[in-house]
Protein chains: 2
Amino acid sequence: MSLDELFQQIKKKKSFLCVGLDVDIDKLPSTLSPNPGSIFEFSKQIIDAVAPYAVAIKPNLAFFEVYGSKGWEILELLMNYIDNNYPELFTIADAKRGDIGTSSEKYAHAFFKHLKFNAVTVSPYMGQDSVEPFLMYPDKHVILLSSTSNPGSQDFQIQSGNENNLFEKVIQKSQTWSHSEKLWYVVGATRSSHLKQIRKLVPHNYLLVPGIGVQGGHLSDVVEYGINEQCGLIVNASRSIIYSSNGSDFAHAAMTRARSLQFGMESFLKKHELVK
Amino acid sequence: MSLDELFQQIKKKKSFLCVGLDVDIDKLPSTLSPNPGSIFEFSKQIIDAVAPYAVAIKPNLAFFEVYGSKGWEILELLMNYIDNNYPELFTIADAKRGDIGTSSEKYAHAFFKHLKFNAVTVSPYMGQDSVEPFLMYPDKHVILLSSTSNPGSQDFQIQSGNENNLFEKVIQKSQTWSHSEKLWYVVGATRSSHLKQIRKLVPHNYLLVPGIGVQGGHLSDVVEYGINEQCGLIVNASRSIIYSSNGSDFAHAAMTRARSLQFGMESFLKKHELVK
């Protein structure tokens with residue numbers, strides 16, 4: 001999916017919401033049996049419920065991989081389901097991969113060709129040759145970790161002295177690489193001052209913003225500092241949507257929560273004259 | 001496997017060799033059919049051939065994941081094969097994972113419990129809470145990326161100004177975390193000056209050193225700067241061993257190459273009076 005097509009979806013649905021699928025069998029509603037197979041059924045019902053209000057879906061690889069090949073089979077089924085029923089949804093593999101070139105080529109194939117994701121999250125630690133193999137695919141997108149929303153983000157992403165912060169260096173350096181127009185960046189919603197700095201460095205690139213909801217970030221700050229002429233933001237919520245209810249009404253509760261977030265986003269899109 | 005048990009294996013085999021399984025079906029010998037199923041057969045024969053000369057085996061996740069659930073099934077078969085036939089081999093999942101705490105917990109379970117690896121490589125970018133879930137398993141080991149051997153390692157791991165390099169900060173900071181005795185570090189064989197600095201920072205921790213062979217690092221430099229009282233080094237070779245021959249004699253050629261590396265290692269272990 002191209003960025004233009006994504007922006008069309010944002011305008012059509014009046015939403016820049018991404019729903020993260022961090023599906024833990026210990027948190028499934030009691031109406032579903034607590035086994036890996038139920039992850040597909042739960043995810044399918046969640047997707048059906050939120051599809052009118054979300055433009056993107058972000059399966060978290062860790063929550064599939066924990067079941068080994070069985071988990072990967074479930075992810076394959078799920079990607080087929082989305083491809084067949086909701087081709088307009090932008091799909092993000094939250095995988096945080098990154099290795100020397102020959103290995104990153106294999107990871108890129110796994111996520112872009114085998115699983116047909118539109119985008120994948122990548123860790124920048126190993127530098128240019130670890131990221132470039134992901135940038136070789138037309139209409140696919142690479143979302144580099146920059147300033148993440150977790151407590152440990154303070155350990156290395158921030159620099160104590162007068163030097164630039166690592167999260168800024170990641171953006172500046174990666175913008176000099178070939179196909180840098182395909183790069184997005186992860187910026188936690190809990191880091192609004194970083195968001196402001198990052199938006200200055202990359203006025204046109206899309207940003208993936210996790211940390212709304214359970215992690216405590218505010219949508220108004222995210223929009224104030226992050227929005228651009230093509231929206232330029234995809235804001236993710238995972239647990240606060242998919243675990244809205246642990247009863248048999250879980251899908252309806254997820255829909256209600258997604259609709260409420262979409263409603264807020266619509267008002268910001270109107271305010272910034274991106275939709276009528 | 002505990003570090004004491006690993007050191008016993010090093011002394012018994014007079015070797016600190018790790019064989020990396022980066023098995024590409026395009027590079028399989030012509031006697032094996034070029035399909036994912038042959039990866040198991042090839043890897044099995046390589047392991048049988050090198051087991052007398054290597055103390056560790058390092059499957060590279062990218063080369064399995066490229067085939068999705070099928071690739072993961074092959075890895076599961078392979079780990080069962082090692083567990084049943086070579087329980088003395090130290091197994092490293094070269095996975096370079098790392099995510100917020102709840103996700104890293106799932107990855108740790110995947111590699112330590114489901115696949116029963118002894119160690120996993122982890123990317124430090126997201127900091128303490130992304131690494132700690134891996135440190136919770138008794139007798140399991142966490143190998144943090146520090147100074148890698150690829151060209152892109154220059155992009156972020158090295159600092160241009162007077163500040164400490166990122167690869168040093170990773171070591172210093174991570175040594176303050178709970179269970180830091182379980183931490184190993186990746187240091188490329190092509191970075192002998194970094195190896196020297198790192199050994200000063202962590203005199204007792206094990207280091208995983210890739211980059212011998214195709215990438216051009218020298219064993220003598222690695223030993224000079226890296227060896228400690230418990231050896232403290234596991235040196236990896238992948239392509240230079242497993243693709244020693246592309247004929248039907250591939251396993252024998254891999255054995256010859258592994259034996260030659262082991263022979264060099266034995267002389268260094270003797271020189272440093274770790275074996276007789």
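User: How many salt bridges does the rule find across the interface of chain B and chain A?

Analyst: This is a predicted model, in which local features need pLDDT of at least 70, side-chain atom pairs count only at pLDDT 80 or more, and totals for chains, interfaces and linings use all residues. Side-chain values use heavy atoms, leaving out hydrogens and water. A salt bridge is a side-chain nitrogen of Lys or Arg within 4 Å of a carboxyl oxygen of Asp or Glu. Across the interface of chain B and chain A, the count by this rule is 8.

User: Which residue forms a salt bridge with Asp99(B)?

Analyst: The closest N and O atoms of the pair are 3.1 Å apart. The partner of Asp99(B) is Lys96(A).

User: What area do chain B and chain A bury between them?

Analyst: Buried area is the accessible area (1.4 Å probe) that two parts lose on being put together, summed over both. Carbon and sulfur atoms carry 55% of the area here. In chain B, Lys106(B), Tyr125(B) and Phe156(B) lose the most area to chain A, together 19% of what that side buries. The total for chain B and chain A is about 4,900 Å².

User: Are H9(A) and H10(A) roughly parallel or roughly antiparallel?

Analyst: Helices are DSSP runs (H or I, at least four residues), numbered from the N terminus. The axes, lines fitted to C-alpha atoms over the stretch in contact with angles from 0 to 180 degrees between N-to-C directions, come within 8 Å and cross at roughly 20° for H9(A) and H10(A). Angles under 35 degrees count as roughly parallel, over 145 as roughly antiparallel, 65 to 115 as roughly perpendicular and the rest as oblique. H9(A) and H10(A) are therefore roughly parallel.

Methods
Residues are numbered from 1 along each chain as its sequence is written. Chains are lettered from A and ligands numbered from 1 in the order in which they are written. Helices (H or I, at least four residues) and strands (E, at least two) are DSSP runs, numbered from the N terminus.
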